[in-house]
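Here's a quick briefing to read alongside the model. Have the viewer open and follow along by topic.

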Amino acid sequence: MSAVLGPHVSARPELALRSGGALAMVERNLMIYRHTWLLLVAEIFEPVLYLLAFGVGIGGLVGNVPGLADTDVRYAEFVAPALLATTAMNGAMNETTFNLFNKLKTNHTYESILTTPMTVRGVALGEVCWALLRGALVTVGFLVAVTVFGLVHSPLVLLVIPGALLVGFTFAALGLAVVTYLRDWQDFQYIQLAMLPMFLFATTFYPLDVYPRPVQLLVECLPLYQSIELIRQPSLGEFGVGLLLPAAYLLAVGGLALMLAFRRLDRALRS
Amino acid sequence: MTETTRQPQGTVPEQAAMIRARGLQKRYGAARGEGFTAVAGIDFEVRPGEAFGILGANGAGKSSTMRMIACTSPSTGGSLDVLGLDARTEGARIRARIGVVPQDDTVDVELTVRENLLIYGRYFGLPKAEIRRRATELLDFARLTDKADERVEALSGGMRRRLTIARALINEPEIVLLDEPTTGLDPQARHLLWERLFQLKDDGITLILTTHYMDEAEQLCDRLVVMDGGLIVTEGSPGGLIERYCTREVLELRFGPGEREAMTDKARGLVERIEELPDRILLYTDEGEATLAAAHARGVVPLTALTRRASLEDVFLTLTGRSLVD
């Protein structure tokens, strides 16, 4: 016993101080998901259902998608990448909104974590890292399903994985910024109010050129639209400078959201 | 560090103090104009190895003071050194060397008892093998070895509190902060906890605790301060404070309906200080039995008479008043 409580042995604090503790935050989540990994498997089913209903069901009526450069693209092949992007988005954002709100307001998890050398920035960064990993993991699971459905033809589809990580980063950071404004569970309705229309209209189910130009501009500003672009292009076998704009956009939005989240969390947790 | 002129009596040399606060202040919402001052400028020192208590009613500034020492809440005035480091700029370094037991148990309910300790050690950047070794020892210390692989949800209140304390020891801290450590526990759980805290004290760890329970403060604290309205109103050892603010004993007399005022008048002059309460009067005396005999001789006939030793609670109520502060 005296070995534990006896004379102080320096606890190598420097290591924790360097990373701000982001890595330990990821470890904490991994430890918790060892108990609840089944939830992640369940999350793959939602996009699979959409793919069956829209891609296979409605796809049977639609046939090929008109208006694309490659006129041979079947409807299911067009919808699947959009669902991959949506999966990465939801996987990451659910973590930094629902789960984080619980830790922030209900369990007061961070109060005890911040009595250690961990910093608010380290905690925030760690949660975002875990959220984007989680989003990418579910996306890879869904990608396997998409492959099984026979909707993958190009090895470029592997670019979906880094794409999902970037999409996850942007939406994890956005979620983290948004969650600092929520007062109670009712406020989650506002998130739904933004997410559902975005999911329906950000070229998930049809190409951008169905809209008149002014509406196109509006849709191009949506983060999910840029996410879908980032993942749909390589999925359909395109790889070029067209990926630069979505990538830059997602990095910028995610970076700004993260800065805002840092400031808001610091005020909330260190008053 | 050359400021030696202001040191109150009983101070320790500059290097030896574990904690030193000078004019320490905490003001909330100052940026928005309408502010609230929780701590209004306090001076105190904590010596190595002592158990130091911060007493006070709700809103007296205890928790704010604790949070500033723990470097989870920045001070808004004055200076605060913990382990010789400036709390304003060296927060992470200080936190690496202290243990904190918050008022509410914030253990991870999704994890097992042992996992709670394992992950907490990682927040300090400790190597995994070392954390595993310490966790096993701390589970034993907290009497939780049997529960090691159960989910925290299954624990009783006392077990959770002991887990919180074990968790706060994972980094082998030099100072442990305990904010109302036994609030809400049953007597058995309280006594086990006190016994564990004595063990820590024996091992040379400096303890700082806040409490509402005066018996707890009397039992555990070598020295304490009483806070009221964000200020320290007095400082001393439990025995010393009783001696300074109270008599050795207190005689409590209860009277029948309607008799109290007349009887109180008769009892006046028996002792230096009489306190009148709605249901009884308190006579502060060094010899309770003798005072009671003298009262009887004057024709003071109480319904019940109780002589007891003066306690820290008497000191506390004398200093902070009996009215309810919420």
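How far apart do the C-alpha centres of domain 1 of chain B and domain 3 of chain B lie? The answer is 38 Å. Keep in mind that this is a predicted model.

**Domains of chain B**

- Chain B splits into three parts: domain 1 (16–97 + 174–234), domain 2 (107–165) and domain 3 (247–309).
- Note that domain 1 is written as two segments, 16–97 and 174–234, while domain 2 covers 107–165.

**The sheet in chain B**

- Four strands of chain B make an open sheet, ordered E2-E1-E4-E5, with antiparallel pairing.
- At the edges sit E2 and strand E5 (85–86) of chain B, each of which pairs on one side only.
- E1(B) is joined to strand E2 (residues 36–46) of chain B by eight bridges, and the two run antiparallel.
- If you want a landmark for that pairing, B:Lys26 stands opposite B:Val39 in E2(B).
- Five bridges tie E1(B) to strand E4 (residues 77–82) of chain B, again running antiparallel.
- For this pairing, look for B:Arg20, which stands opposite B:Asp81 in E4(B).

**How much of chain B meets chain A**

- The contact involves 43 residues of chain B and 35 residues of chain A.
- In chain B, the residues that lose the most area to chain A are B:Arg95, B:Tyr123 and B:Glu172, together 19% of what that side buries.
- Between them, chain B and chain A bury about 3,600 Å², and 57% of that is on carbon and sulfur atoms.

**Polar and charged pairs across the interface**

- Ten residue pairs are in polar contact across the interface of chain B and chain A, counting pairs with both residues at pLDDT 80 or more.
- Chain B and chain A share three salt bridges.
- One salt bridge to look up joins the side chains of A:Glu27 and B:Arg122, at 2.8 Å from N to O.

**What chain B brings to the interface**

- Strand E1 (19–28), helix H2 (91–95), helix H3 (113–123) and helix H4 (128–141) of chain B each supply at least two residues of the side that touches chain A.
- So which classes do the residues on that side of chain B divide into? They come out as 19 nonpolar, six polar and 18 charged.

Terms used:
Residues are numbered from 1 along each chain as its sequence is written. Chains are lettered from A and ligands numbered from 1 in the order in which they are written. This is a predicted model: local features need pLDDT of at least 70, side-chain atom pairs count only at pLDDT 80 or more; totals for chains, interfaces and linings use all residues. Side-chain values use heavy atoms; hydrogens and water are left out. Contact means heavy atoms within 4.5 Å. Buried area is the accessible area (1.4 Å probe) that two parts lose on being put together, summed over both. A salt bridge is a side-chain nitrogen of Lys or Arg within 4 Å of a carboxyl oxygen of Asp or Glu. A polar contact is a pair of N or O atoms within 3.5 Å; within protein, one must be able to donate a hydrogen and the other to accept it, and residues adjacent in sequence count only if both atoms are side-chain atoms. Ala, Val, Leu, Ile, Met, Phe, Trp, Tyr, Cys and Pro count as nonpolar, Asp, Glu, Lys and Arg as charged, and the others, Gly among them, as polar. Two strands pair if DSSP finds at least two bridges between them. Domain bounds come from an automatic or database domain assignment.
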